[in-house]
Amino acid sequence: MKKLWKGLLIAFAVLIGLVLCYVAYVLIAYHRIPDNQTLDVYEQEPQPIAQTGQDYRVLTWNIGFGAYEDDYGFFMDGGTESWAWSEDRLKANLAEISNVLLNEAADIYFLQEVDFDSTRTYHVDERPYLYQAQPDFCKLHAVNYDSPFLLYPLTQPHGKNRAGLMT
């Protein structure tokens, strides 16, 4: 009986040690995204300067890292999902998002949660898919989310993620 308790105590100590190592990793890996970051400019073309007294059509959209579909439930919103369902469905969603952007014909687009090099989107760089939807526009991308590998939820860890805002 004494050996059983000793084994359980050692297993518990190892588990606590692993948890503490993970917490230390997350804290050490944390970094503030610089306020003065260099923007990723893609195919910059001379653009007309905005004029006062003129109406402009603006579209802003949180694309939900390209994963959100009608029945998608993100784990931070009470659902169970933490990744796009598959790389193929992610790419199909990005194609649909691009079609919507093309059909909206806005003068200015602001897109949020545009992933690149993220576990939750199978490391697909979403920017080129969305750049194609705005062929005659100057495109800017800035990082606003860069996390270490997140182990939650345990059934499918959110992983390491990098996302940004695209204009």
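# Strands, core and pocket of a predicted model

Strands E3 (residues 108–115) and E5 (residues 159–166) run antiparallel and are joined by three bridges. This is a predicted model, in which local features need pLDDT of at least 70, side-chain atom pairs count only at pLDDT 80 or more, and totals for chains, interfaces and linings use all residues. Residues are numbered from 1 along each chain as its sequence is written, and side-chain values use heavy atoms, with hydrogens and water left out. Helices (H or I, at least four residues) and strands (E, at least two) are DSSP runs, numbered from the N terminus. Two strands are said to pair if DSSP finds at least two bridges between them.

Thr38 lies in the loop between helix H1 (2–29) and strand E1 (40–42). Thr38 counts as exposed because its relative accessibility is 74%; the classes are buried for under 20% relative accessible area, exposed for over 50%, and partly exposed in between (1.4 Å probe, protein chains only). Thr38 and Val143 are separated by 105 residues in sequence, whereas the C-alpha to C-alpha separation in space is 9.4 Å.

The interior can be approached through the nonpolar core, defined as a set of buried Ala, Val, Leu, Ile, Met, Phe, Trp, Tyr and Cys residues joined through side-chain atoms within 4.5 Å. The largest such core has 21 residues, and those with the most contacts inside it are Ile63, Leu101, Leu111 and Leu130. Helix H2 (87–104), E3 and helix H3 (127–131) are the elements that give two or more residues to this core. The largest share, four residues, comes from H2. Contact here means heavy atoms within 4.5 Å. Leaving aside residues up to four places away in sequence, Ile63 touches Leu94, Ile97, Leu111, Gln112, Glu113, Val114, Glu126 and Leu130.

Phe65 lies in the loop between strand E2 (58–62) and H2. The phi of Phe65 is near 50°, a positive value in a residue other than glycine. Phe65 is classed as buried because its relative accessible area is 0%.

The loop between E3 and H3 contains Asp117, Ser118 and Thr119. Asp117 has a positive phi of about 55° although it is not a glycine, and is partly exposed, with a relative accessible area of 41%. Ser118, by contrast, is buried, because its relative accessible area is 0%. Not counting residues up to four places away in sequence, Ser118 touches His123, Lys160, Asn161 and Arg162. Thr119 is also buried, at 10% relative accessibility. With the exclusion of residues up to four places away in sequence, Thr119 touches Trp83, Phe149, His158, Gly159, Lys160 and Asn161.

Another loop, between E4 and E5, holds Pro153. A cis peptide bond joins Tyr152 and Pro153, with omega at about -10°.

The last feature is a pocket. On a 1 Å grid over the protein atoms alone, a pocket is an open set of points where a 1.4 Å probe fits, with protein on both sides within 12 Å along at least five of seven lines; lining residues have an atom within 4 Å of a point. The second largest pocket has a volume of about 190 Å³, where grid points are joined across faces, edges and corners and the volume is the space filled by probe spheres set on the points. Its lining consists of Phe74, Phe75, Met76, Gln112, Glu113, Arg120, Asn144, Tyr145, His158, Ala163 and Leu165. E3, E4 and E5 are the elements that give two or more residues to this lining. By class, the lining residues of the second largest pocket divide into six nonpolar, three polar and two charged. In this division, Ala, Val, Leu, Ile, Met, Phe, Trp, Tyr, Cys and Pro count as nonpolar, Asp, Glu, Lys and Arg as charged, and the others, Gly among them, as polar.
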